[in-house]
Number of protein chains: 2
Amino acid sequence: MSKKPKYIYEFGKKTDGESKMRALLGGKGANLAEMARIGLPVPPGFTITTEVCTYYYDNKNKYPRDLQAQIKHAVANVEKQLGKKLGDCTKPLLFSVRSGARDSMPGMMDTILNLGLNDETVEALAKSSGSPRFAWDCYRRFLQMYGDVVMGVQKRPDEDEEPFEVAIDEIKEELFPNEKGEVDDSRIDAESMKELVSRFKKLIRTRTGRDFPSDPWEQLEGSISAVFSSWMNDRATVYRRKYGIPAEWGTAVNVQAMVFGNSGKNSGSGVGFTRDPATGEKVLYGEFLTNAQGEDVVAGVRTPHAIAKLKKVIPSAHKGLLAVQKTLEKHFKEMQDFEFTIEDEKLYMLQTRNGKRTGLAAVRIAVEMEQEKLINWKTAVQRVPANQLDQVLAPIFDAKAEKAAKTLCKGLPAGPGAAAGRICLNAERAVEMAKKGEVLLVRQETSPEDLRGMIAAAGILTERGGVSSHAALVARQMGKVCVCGAADLEINYKSRTVKVAGETFKEGDFLSINGTSGEVFGGQLPTAPSEIIQVLIEKSLKPSRSRAYKNYAKLMEWCAKGTKLGVRTNADSPTQVAQAISFGAQGIGLTRTEHMFFEGNRIDAMRQMILAEDTVSRKKALKKLLPFQRRDFAGIFTELKGLPATIRLLDPPLHEFLPHDQASQRDLAKKLGVTVSSIKNRVEELHEFNPMLGHRGCRLGNVYPEITEMQARAIFEAAAQVLAKGIDVLPEVMVPLVSFKDELAIQSEIIHRVAKEVQKAKGVKIKYLVGTMIEIPRACLVADEIAEHAQFFSFGTNDLTQTGLGMSRDDSGSFLPHYAEEDIVANNPFASIDQNGVGKLMKLGVEGGRSTRRNIKLGICGEHGGEPDSVKFCHKIGLHYVSCSPFRVPVARLAAAQAALQK
Amino acid sequence: MSKKPKYIYEFGKKTDGESKMRALLGGKGANLAEMARIGLPVPPGFTITTEVCTYYYDNKNKYPRDLQAQIKHAVANVEKQLGKKLGDCTKPLLFSVRSGARDSMPGMMDTILNLGLNDETVEALAKSSGSPRFAWDCYRRFLQMYGDVVMGVQKRPDEDEEPFEVAIDEIKEELFPNEKGEVDDSRIDAESMKELVSRFKKLIRTRTGRDFPSDPWEQLEGSISAVFSSWMNDRATVYRRKYGIPAEWGTAVNVQAMVFGNSGKNSGSGVGFTRDPATGEKVLYGEFLTNAQGEDVVAGVRTPHAIAKLKKVIPSAHKGLLAVQKTLEKHFKEMQDFEFTIEDEKLYMLQTRNGKRTGLAAVRIAVEMEQEKLINWKTAVQRVPANQLDQVLAPIFDAKAEKAAKTLCKGLPAGPGAAAGRICLNAERAVEMAKKGEVLLVRQETSPEDLRGMIAAAGILTERGGVSSHAALVARQMGKVCVCGAADLEINYKSRTVKVAGETFKEGDFLSINGTSGEVFGGQLPTAPSEIIQVLIEKSLKPSRSRAYKNYAKLMEWCAKGTKLGVRTNADSPTQVAQAISFGAQGIGLTRTEHMFFEGNRIDAMRQMILAEDTVSRKKALKKLLPFQRRDFAGIFTELKGLPATIRLLDPPLHEFLPHDQASQRDLAKKLGVTVSSIKNRVEELHEFNPMLGHRGCRLGNVYPEITEMQARAIFEAAAQVLAKGIDVLPEVMVPLVSFKDELAIQSEIIHRVAKEVQKAKGVKIKYLVGTMIEIPRACLVADEIAEHAQFFSFGTNDLTQTGLGMSRDDSGSFLPHYAEEDIVANNPFASIDQNGVGKLMKLGVEGGRSTRRNIKLGICGEHGGEPDSVKFCHKIGLHYVSCSPFRVPVARLAAAQAALQK
């Protein structure tokens with residue numbers, strides 16, 4: 001206990017950390033340590049742990065007492081290794097300071113480079129590098145980053161551009177007053193860089209009232225604090241929310257000796273992937289810029305070159321990277337995304353991490369790595385983020401239409417898929433415009449500020465930046481369609497136009513992009529189903545001709561092998577059933593019978609039923625509905641071929657079926673031969689203040705048992721019909737909205753009675769179950785009682801969320817977004833099960849149900865059933881199946897398999 | 001284990017049972033046994049246990065195998081004791097067969113008398129009694145009851161009168177063809193009785209297709225089954241629901257040797273009370289009829305004589321009764337309601353039970369019995385049904401107005417209090433009419449069929465029947481105002497008129513009745529507060545001058561002594577606070593701040609706030625509201641003199657404050673200088689599908705923290721003001737509708753900050769608490785987390801019921817009554833806490849809260865806080881206080897004391 005807490009982990013010659021220590025060192029820090037361990041060339045440095053970050057926030061931005069001493073010690077060790085010294089006027093040591101959270105949050109937090117420079121050390125750097133311009137360029141970059149990140153010199157609301165950029169533009173204009181268009185930074189000479197440094201210092205003083213600190217130790221302290229602070233900045237908060245990263249995790253800070261990719265022609269910086277992150281193909285993939293620091297590559301300001309070109313430019317470095325690719329994959333057994341710098345032909349590794357990839361790539365990489373025996377099938381299943389799987393099902397452009405369309409230009413295929421939408425040149429506007437229809441966010445390049453716009457857009461198109469640019473990276477991660485670096489675009493933010501191939505598009509016009517080929521088209525191209533859909537549903541493509549399908553099929557095969565939780569589908573028609581079965585659904589978890597009432601002229605009989613003034617005429621109207629329902633159920637049973645079908649009895653409040661406008665009321669009155677006022681009266685009578693909590697669900701069947709009777713009859717008569725054709729049938733009749741045991745007792749008595757009657761009349765034996773939807777908190781609390789009458793429970797988590805949280809989904813728009821902003825809710829509870837609240841109710845329901853009926857069948861039919869975290873939760877609490885819409889079935893299957901294979 | 005189960009308990013010379021065995025023998029059976037034990041003259045008989053009833057219902061109306069043998073054995077014992085024999089042609093034994101449930105359910109179930117009579121035994125009875133008329137009268141009565149109850153010969157929907165009564169009326173008309181008006185039954189001679197018997201038999205045969213069984217054993221079996229079956233009849237079910245008697249209890253059946261009150265002038269039957277059940281006065285109270293069976297007294301067909309008159313008619317019996325009165329009270333230590341029969345001057349006791357009484361009487365009897373040392377104060381507290389206590393607070397007629405009014409006639413004061421309402425002559429119509437306003441149910445007499453109408457009516461007025469008639473009995477029990485036996489009324493059901501004192505009133509006209517004096521007045525008399533209110537609130541009556549007040553005060557004194565649970569009040573104004581404190585409230589459990597916004601022109605500022613388009617203008621409008629709120633709070637604090645005040649922050653959705661009709665919108669637009677369409681837009685924007693689950697409660701304060709800020713400021717500034725006057729203040733600021741911990745964290749942070757600011761600015765130290773309303777199921781499930789920020793919890797059981805049951809109170813009218821009918825819900829969950837559902841949530845909330853904060857203050861502020869069962873539940877789960885409307889405070893205090901004193 002007397003041992004001092006360790007806040008610092010070094011890497012380099014002496015390495016304390018390793019890749020397992022992600023929680024403590026962050027991903028970057030842990031992997032720098034790991035790379036150093038396995039002999040890759042890593043510039044030495046140290047990592048300040050995430051515990052310091054937590055301490056910092058828990059103690060009002062104070063640090064633990066011993067930290068300073070440990071930093072001093074670690075810096076001394078780096079100095080010793082490199083023979084340089086922080087602040088030394090002859091051999092100055094320069095540092096980079098970077099964040100590094102447990103999970104990668106690219107571009108979300110701040111970075112400082114070239115730390116240690118000041119008016120004295122810059123001269124030493126000029127001397128040692130032999131390039132004053134390089135030294136002063138480094139210095140001005142440092143000033144710019146430090147000024148922005150640590151001292152807060154940023155664009156004010158009334159400004160169009162970053163103040164430092166304005167200063168650079170000014171100096172360029174002074175240097176080349178007659179040139180129009182972009183002047184490359186490289187044309188600013190040493191003297192002008194020096195001038196820029198002076199202007200930057202002045203800018204900092206004017207804006208902050210404080211001087212830029214020339215003491216490197218002060219610089220270091222400020223930078224570390226800035227990185228810790230950036231953990232809580234807006235961008236990072238938004239990002240964490242989207243990806244469910246807890247704020248408590250904190251970030252580590254990596255302090256590392258600088259190497260310079262910008263020290264000449266034989267230097268450079270780049271980003272690499274051990275496989276293609278967009279398609280998953282096993283190639284060394286990436287891009288680089290010569291004479292540039294890493295940030296230049298990622299920022300997307302200059303469009304970098306494909307990594308293959310490095311072979312020509314700096315062959316030794318390219319060779320080195322191929323070796324690195326092998327070492328990394330062999331060691332990490334995962335596709336790696338790494339950063340490197342070449343300083344005077346010498347290759348340095350600055351970072352490696354598991355690479356983000358598209359859903360398509362994720363599937364391919366997982367399947368191929370298993371084939372390469374790098375990983376086993378269980379690991380392969382875990383490697384595909386379940387919520388990305390639907391990307392492989394996403395539509396592509398209709399082949400014919402795409403062929404016929406004119407290609408305006410081509411960019412880099414950074415996020416595969418097809419997207420068509422209205423051009424929007426600004427992220428904030430994109431959020432607004434997206435509410436009215438699909439939007440393409442078209443930008444010169446994107447930055448973390450654009451995140452919300454990128455989330456809102458259907459696709460992203462940039463003029464500059466490569467496949468590792470911010471746009472590409474974020475798109476990949478979100479599964480957005482993205483084309484980047486389409487250099488032929490001329491984007492004018494002021495006039496809000498995009499010129500390309502001689503045409504001018506205004507904001508709001510349509511463009512289409514193919515993120516798989518990189519092509520950009522004018523107008524709104526029609527889409528076609530993905531290859532997998534073409535194979536499975538349309539049967540228009542042979543399985544053997546689609547790699548995407550084959551990979552998908554392999555993955556699903558593994559899922560089937562690993563899964564405990566069944567996956568059913570929510571489907572109301574034979575077509576949907578067939579689709580879902582193609583995706584591997586094992587039955588229906590929810591058929592909503594009410595949808596069937598809206599088809600054709602059935603609605604008239606339905607309305608007649610609702611308008612009936614006594615049981616006799618209600619029964620008459622119900623009699624008309626019976627054959628419709630019977631036919632629908634027969635169709636579904638036929639398609640299911642003996643798989644179970646959970647059929648929910650009438651659920652919505654009756655007023656939903658009546659016309660509310662005068663014209664339709666008049667029509668209906670005429671049709672049914674009743675007065676308009678009688679319809680109006682009934683509509684008024686049925687009006688409810690809170691329909692969600694009103695007369696619906698089994699409350700209908702209890703007040704009007706003849707409805708239940710009709711529906712039960714339709715179900716069992718349909719079952720008898722289908723059985724007569726030699727097809728197996730397994731109806732599971734589900735009573736909705738039960739909260740009192742006798743609600744179900746009475747309903748199930750009717751159902752069992754009708755079942756008996758039909759079986760007797762038709763001379764058949766029908767296997768069936770009667771159960772209930774658990775969607776009211778009370779039902780969870782008295783599940784033991786309810787289970788007396790229920791052979792199965794199906795959790796209706798939509799309504800259980802609405803009642804359990806006292807929150808109407810339809811009305812939550814006025815506060816839920818605010819709640820997400822303020823981190824009051826971790827996730828949208830209507831998207832992912834609120835495990836701490838609704839989840840507890842479910843657990844009570846499961847326990848109660850099992851206490852009465854040990855083998856009670858347990859499922860979920862809320863929309864959460866297709867959301868991976870919720871699926872995993874359902875596995876955890878021991879449900880037997882989840883149910884979701886047909887197209888979510890693969891996602892649910894994958895999540896179910898992952899849940900089962902975990903630990 | 002080999003011991004045979006005992007289904008029969010005998011009483012008489014040999015007595016198996018005792019009064020403790022109510023559950024098994026029913027109240028009547030247990031007390032018959034007890035009376036036999038203590039030497040009172042009880043005709044011998046036996047009781048078939050309630051277990052047999054349960055068995056009967058659990059086994060499809062079959063009896064346990066050994067029952068028949070045990071009955072035979074018991075009958076033989078009675079035969080031996082009396083020297084008579086069932087079915088014997090010389091000395092026939094006759095039986096009565098009566099129901100007897102654990103709790104008395106007067107008139108709800110069926111009774112058979114004179115069992116054992118047939119064409120042979122009737123002759124023996126004629127001989128032994130010396131009166132053929134008497135014998136045949138008994139026989140026809142038996143036929144009538146047996147035909148009705150066992151064989152189901154009853155009024156059909158198309159008939160106006162009972163068929164047996166029609167036959168009686170016919171024979172009367174044949175006998176006395178020229179008489180108009182009522183012919184007394186006593187004028188039907190033996191021959192005609194014989195004829196009636198023959199007609200009754202024919203009637204039974206025609207109606208049922210079966211013959212009346214002449215075998216007494218068959219009669220006995222049929223009667224027992226009929227009594228068991230009557231446990232589930234409509235009347236009994238309605239009654240049980242109203243009084244919360246579980247159906248599982250079942251009824252016992254008492255078979256007892258007949259004694260005849262109708263065997264001559266020295267015979268009679270009557271009902272007695274050991275104290276006056278309407279006022280509680282300690283007098284032998286009751287009534288009798290000579291030459292009549294007990295049913296004649298209770299049925300109310302003949303108006304009986306007051307018991308005092310018995311002294312003259314049959315002095316020995318009167319003397320006997322006085323002795324019985326003493327013996328009963330001494331033995332049972334409770335006011336008894338007993339039935340007796342005098343057969344030829346000999347007194348027989350047929351029943352005793354704890355007497356139902358009015359709330360007024362309950363209080364007086366409890367207090368006086370304690371003074372008489374019959375019971376101790378703890379028992380006295382238990383003796384007053386808490387929900388009857390508000391009867392003593394109910395209004396009486398305004399003295400002046402009553403004096404000025406003309407008394408139309410006088411009846412018996414059977415249910416004290418004042419009632420004015422529209423005349424209604426039919427129970428079913430009364431239910432309908434009562435929906436539109438107060439109704440007086442005016443009937444010749446009432447019967448169990450009228451129960452619903454009696455529940456619906458404000459008061460009951462009958463032409464016939466005494467203080468033990470059905471009307472009087474039910475009224476007493478329900479606390480209904482009742483005048484019975486007002487013989488001067490001429491009620492005509494056909495013309496729907498009531499003639500009295502020369503005036504003719506139509507159905508729908510107003511009458512007023514004083515149930516304390518028995519007076520009937522025309523028109524609608526104005527009411528005045530009860531004596532207790534006059535003493536406590538109006539201070540217009542000296543305490544010493546009101547016996548009612550003194551008894552009440554004594555009871556409340558005991559309550560204070562025995563209670564653990566505090567009682568607070570829900571009050572929004574100083575006046576209400578003062579009232580509640582007079583009733584003994586220990587503070588405010590709920591102040592709804594929103595009510596304050598509707599006063600005067602505050603609503604304009606409120607609306608301005610809601611229409612504000614940005615925070616700045618919202619704050620401006622809030623600033624206008626601040627002084628109003630501050631003044632209100634100061635008023636309340638001043639009145640409370642240091643008692644705690646739980647103040648709930650703004651709760652309802654904002655649209656409730658905006659005008660929804662065009663005219664008001666136009667007015668508002670003019671007032672605020674905005675466009676009508678901007679108001680319309682805002683109204684539309686605020687429209688919600690399920691406002692109950694929408695943007696309200698702390699969701700307002702979280703999205704618009706400036707509202708919370710203003711309200712907190714008003715509270716603390718008011719507190720500072722009042723403190724400055726030397727008056728103690730204890731605000732408890734309550735955040736509504738919390739379901740996520742951070743909702744409360746953010747709100748409480750604001751409140752604490754404002755508190756700090758105000759205390760600093762005013763230089764005072766304010767004691768206060770911050771807590772939350774627990775009214776969402778999720779809040780109960782994460783109560784441990786929420787308690788981190790809550791110094792108190794107050795259960796908002798209204799909304800907790802709505803969300804926990806998924807049931808909108810406002811919309812439940814379309815199904816909840818049906819649910820009550822079908823026994824799906826035991827009680828209206830909005831009236832009495834649904835202990836099995838909502839109660840479980842509360843328990844979870846209590847446990848969670850305490851696990852984090854051991855001393856967390858716990859209360860309830862839903863409307864359930866004034867309902868006795870709910871109060872007892874709150875005591876049970878360990879809350880610290882309940883809160884209810886001022887006038888329910890005494891009820892809650894009594895219930896709280898009873899809960900604490902139980903066991």
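User: In this predicted model, is A:Phe583 buried or exposed?
Analyst: The model is predicted, and the loop between helix H21 (574–582) and strand E27 (588–592) of chain A holds A:Phe583. The cut-off for a buried residue is under 20% relative accessible area. Because its relative accessibility is 0%, A:Phe583 counts as buried.

User: How does A:Phe887 count at its relative accessibility?
Analyst: A:Phe887 lies in the loop between strand E33 (881–884) and helix H35 (889–901) of chain A. Exposed requires over 50% relative accessible area and buried under 20%. With 35% relative accessibility, A:Phe887 therefore counts as partly exposed.

User: Which geometry do the rings of A:Phe583 and A:Phe887 have?
Analyst: The ring centres of A:Phe583 and A:Phe887 are 5.3 Å apart, and centres within 6.5 Å make a pair. Planes over 60 degrees apart fall in one class. The planes here stand at 65 degrees, so the pair is edge-to-face.

User: How many residues apart in sequence are the parts that the pair of A:Phe134 and A:Phe260 ties together?
Analyst: A:Phe134 and A:Phe260 form an edge-to-face pair, with 5.1 Å from centre to centre and 85 degrees between the planes. Both residues are buried. A:Phe134 belongs to helix H5 (residues 132–150) of chain A, whereas A:Phe260 sits in the loop between strand E7 (251–257) and strand E8 (268–273), so the parts tied together are 126 residues apart.

User: Which residues do ring pairs link into a cluster?
Analyst: Over all chains, the structure holds 40 aromatic pairs. Ring pairs also build a cluster in chain A, and its members are A:Trp136, A:Tyr139, A:Phe142, A:Tyr146 and A:Phe212.

User: What area is buried between chain B and chain A?
Analyst: The contact involves 46 residues of chain B and 46 residues of chain A. Carbon and sulfur atoms give 58% of the buried area. The area buried between the two chains is about 4,100 Å².

User: Which helix gives the most to the side of chain B that touches chain A?
Analyst: Across the interface, 26 residue pairs are in polar contact. Helices of chain B that each supply at least two residues to this side include H28 (741–762) and H33 (838–852). With four residues, the helix that gives the most is H26(B).

Conventions
Residues numbered from 1 in each chain as written. Chains lettered and ligands numbered in written order. Predicted model: local features only at pLDDT ≥ 70, side-chain atom pairs only at ≥ 80, totals over all residues. Heavy atoms only, no water. Contact = heavy atoms within 4.5 Å. Buried area = accessible area lost by both parts, 1.4 Å probe. Polar contact = N/O pair within 3.5 Å; in protein donor to acceptor, adjacent residues only side chain to side chain. Phe/Tyr/Trp six-rings, centres within 6.5 Å; stacked < 30°, edge-to-face > 60°. Buried < 20%, exposed > 50% of the residue type's maximum accessible area, 1.4 Å probe, protein only.
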